[in-house]
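Subject: Structure handover

Hello,

Here is the structure I promised to pass on. Please open it first, then read my notes on its helices below.

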Amino acid sequence: MKILVTGAAGFIGMTTSLRLLARGDEVVGLDNLNDYYEVSLKENRLARLTPHANFHFVKLDVADRAGMEGLFAAEKFDRVIHLAAQAGVRYSLQNPHAYVDSNVVGFTNILEGCRHNRVQHLVYASSSSVYGGNTRMPFSEHDSVDHPISLYAATKKANELMAHTYSHLYGLATTGLRFFTVYGPWGRPDMALFLFTRAILEGRPIDVFNHGNMQRDFTYVDDIVEGVIRVVDKTAAVNPEYDPISADPATSNAPYRVFNIGNNNPVQLLDFIGAIEDALGMKAEKRLLPLQDGDVPATYANTDLLDDWVGFVPGTSVREGVGRFIAWYRDYYRT
């Protein structure tokens, strides 16, 4: 197939593109290479993709309406994996317009491109952040997600609503994947694993929010990508049992689906830090701080729907995944 992967120079985008290329798909990778974090890391991720004959890179911002219209019209993609977004909960408190431009305007351009060019299936990144103020654990796709507590979360909820509208109006098959704290080699420098590792190696204290009383459903990147690949291969379909009187948020009478993709095993933040310390052979100096605005104290994914749909449940342990990240980090930064 010919597949557009947006955010191809990103952490998940690069790994997804490599998997698609390995199985013989043609991949057009799109990224704007912005400076939200070190551009050299994005360029080095791209350098792993460009040697592949079936890979073509396009430097373009998803918010560029004319550019996106031209790309879709010229390439005629079979399927689209939309991973490009302005990420980060805390950054959204300082730079809200970046989230509207990328995550709302950009997603509109993706939907329009798919609609007008007969794309068979759009798979897009949502986020566990949509659960917001919901404290019922584990998080289930059947639960309401009407109380976001960050603008980032609100834009991801908006993406799900926008996707449903296009599925309903135009029959566009869409599947949203709610990612739960993805980590691993080539990861994002603004994420906890990267920040903690760098600080510990440099002898600096680490900021531990909510005084360490945090739980996260850390999900290893290879598990995430396996889920993405399986889902893109199984086109979203109408749920024949959908009841509009007692509407289920996870499905619809349109070709629309949304799934959690997490490790189904929340880990205490202090235990996560312990795994980093063990892999590094160094102890962290911890600076205990209150819960940050926009953060939730715990995430925990119920992944039954994903398992039922594509027969997959993530399973990489935190200690194994952290060890792989540390090995990559030491090699990449020569530490």
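**Helix 9 against helix 11**

Phe272, Gly274, Ala275, Ile276, Asp278, Ala279 and Leu280 of helix 9 meet Val318, Arg319, Val322, Gly323, Ile326 and Arg330 of helix 11. Contact here means heavy atoms within 4.5 Å. By class, this contact has eight nonpolar, two polar and three charged residues. Ala, Val, Leu, Ile, Met, Phe, Trp, Tyr, Cys and Pro count as nonpolar, Asp, Glu, Lys and Arg as charged, and the others, Gly among them, as polar.

The model is predicted: local features need pLDDT of at least 70, side-chain atom pairs count only at pLDDT 80 or more, and totals for chains, interfaces and linings use all residues. Residues are numbered from 1 along each chain as its sequence is written, and side-chain values use heavy atoms, with hydrogens and water left out. Helices (H or I, at least four residues) and strands (E, at least two) are DSSP runs, numbered from the N terminus.

Helix 9 and helix 11 pack at about 50°, with their axes 9 Å apart. Axes are lines fitted to C-alpha atoms, for helices over the stretch in contact, and angles run from 0 to 180 degrees between N-to-C directions. The two helices are therefore oblique to each other. Angles under 35 degrees count as roughly parallel, over 145 as roughly antiparallel, 65 to 115 as roughly perpendicular and the rest as oblique.

**More on helix 9**

Its buried residues are Leu269, Phe272, Ile273, Gly274, Ala275, Ile276, Glu277 and Leu280. Buried means under 20% relative accessible area (1.4 Å probe, protein chains only). Their cover includes helix 7, strand 8, strand 12, strand 13 and helix 11. Gly281 follows helix 9, with a positive phi near 70°.

**Helix 3 and helix 5**

Helix 3 (residues 65-75) packs on helix 5 (residues 96-116) at an angle of about 30°, with the axes 9 Å apart. That makes helix 3 roughly parallel to helix 5. Arg65, Met68 and Phe72 in helix 3 meet Asn109, Ile110, Gly113 and Cys114 in helix 5. This contact has four nonpolar, two polar and one charged residues.

**Helix 6**

Buried residues of helix 6 (residues 151-170) include Tyr152, Ala153, Met162 and Tyr166. The buried residues of helix 6 pack against helix 4, helix 5, strand 5, strand 6 and strand 11. Just after helix 6, Gly171 takes a positive phi of about 70°.

Best wishes

Methods:
Buried < 20%, exposed > 50% of the residue type's maximum accessible area, 1.4 Å probe, protein only. Expected span 1.5 Å × (residues − 1).
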